[in-house]
Amino acid sequence: MSATITRRGCPITALDVRTYRIPTADPHESDGTAVWDATTLVLVELHAGGQTGLGYTYADTAAAAVIHDELRPVLDGADALETGKRFADMQTAIRNMGRDGIASMAISAVDIALWDLRGKICDVPVCTMLGVARDAVPVYGSGGFTSYSLEELREQLGGWVKAGIPRVKMKVGRDAHADVERVRNAREAIGDAELFVDANGAYSRKEAMHFAEAFARYGVTWFEEPVYHQDFEGLREVRERTPAGMEVSVGEYGYGLYHFWRMLQAQTADCLQADATRCGGFSGLLAVDGLCQAAMMPLSTHCAPYVHLHAALACKMLRHSEYFFDHVRIERMFFDGTSDPIDGALEADTSRPGIGLELRRADAARYER
Ligand SMILES: [Mg+2]
């Protein structure tokens, strides 16, 4: 152990925040409700005890400004080991700007950096610090953008199955006339593997019920955000009417614990999703896992697979993590410490302290804003 921990703790001596904009693999990508040509990553590095902890979120550059202007003052000189106090201080710091959205993404990146830093100072992996609940994290391949041709769709989803990932997800909802044919092609390409669809809130309630029946004929078992994510009544209505064997999922836009609590109370989902880069970092994700334990609800993590890994290993209700094409590509380019799924699951390299990721500075610098 190289860090010094005194009775006064281990004060944070510096915070660096940087923003990167990474163009998509194709000129553009799309899902049921959005089109994008780049992904923005906001990265935080916190320094204490001779160690550096890193965390990040996929958010607008506005999150970097919140980190620099609002969070840095309450972190500067504070004890890096007291992750609970730092979480509370950050909540107070952003009170007047609103807890959801950008502010929560900013807190999430810093909270993850705090956990990574604490792991490095104590020279243990974060999963060990949190309490390992499973040996590996099952993943599902996720992409299948609506901007893909049928051939590209088949190649991507089929490729994941060939690589040993037995469940894949595709986007639907941009062109209702094309959706069933796209799902039929996906089923042909993946054989018996599990097939998930994500509408990103594109359908009306009636459309969602119609497409649930149509997709069921091709063995779709997961229908994500069939209607707008805040239409809790609609989500419940669709969930209650989907064919047996098809689950409805929602949760990627959950920022605060109260929102997850309300989603559970409204019976919106058969499997709740949560994203540690939005919902308050590992502190937020573990709290959601606690809610899921009380509700006997399975939990699936959304996007950013490599930053989720250590926390996901500690989530008692975890079913799987999303192995999202764009983020896998970026994280493997930006960080040492990523590895391929083995038999469809990610394992942590416990010889590395913290979250086990190291920034490849030269590779990342090309995309810095
Ligand atoms: Mg989604």
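Mentor: Helices here are DSSP runs of H or I of at least four residues, and strands are runs of E of at least two, numbered from the N terminus. This is a predicted model, in which local features need pLDDT of at least 70 and side-chain atom pairs count only at pLDDT 80 or more, while totals for chains, interfaces and linings use all residues. Residues are numbered from 1 along each chain as its sequence is written.

Trainee: Which residue follows α3?

Mentor: D123 follows α3, and the phi of D123 is positive, near 60°.

Trainee: At what angle do the axes of α3 and α10 cross?

Mentor: The axes, lines fitted to C-alpha atoms over the stretch in contact, with angles from 0 to 180 degrees between N-to-C directions, cross at roughly 95° and come within 5 Å; α10 is residues 281–295. That makes α3 roughly perpendicular to α10 (65 to 115 degrees).

Trainee: Which residues make that contact?

Mentor: On α3 they are I107, S108, D111, I112 and W115, and on α10 they are G281, F282, S283 and G284. Two residues are in contact if their C-beta atoms, placed from the backbone, lie within 7 Å.

Trainee: Changing topic, how is the chain divided into domains?

Mentor: An automatic or database domain assignment supplies the bounds: domain 1 is 12–123 and domain 2 is 128–358. Their C-alpha centres lie 22 Å apart. The contact takes 38 residues from domain 1 and 35 residues from domain 2.

Trainee: Which element gives the largest share of the domain 1 side?

Mentor: That is α3, with 13 residues of the side that touches domain 2.

Trainee: And P11, where is its place?

Mentor: P11 is in the segment before β1 (12–23). Leaving aside neighbours within four places in sequence, P11 is in contact with A48, G77, A78 and D79.

Trainee: How far is P11 from D31?

Mentor: P11 and D31 are 20 residues apart in sequence and 44 Å apart in space, C-alpha to C-alpha.

Methods
Parallel < 35°, antiparallel > 145°, perpendicular 65-115°, else oblique.
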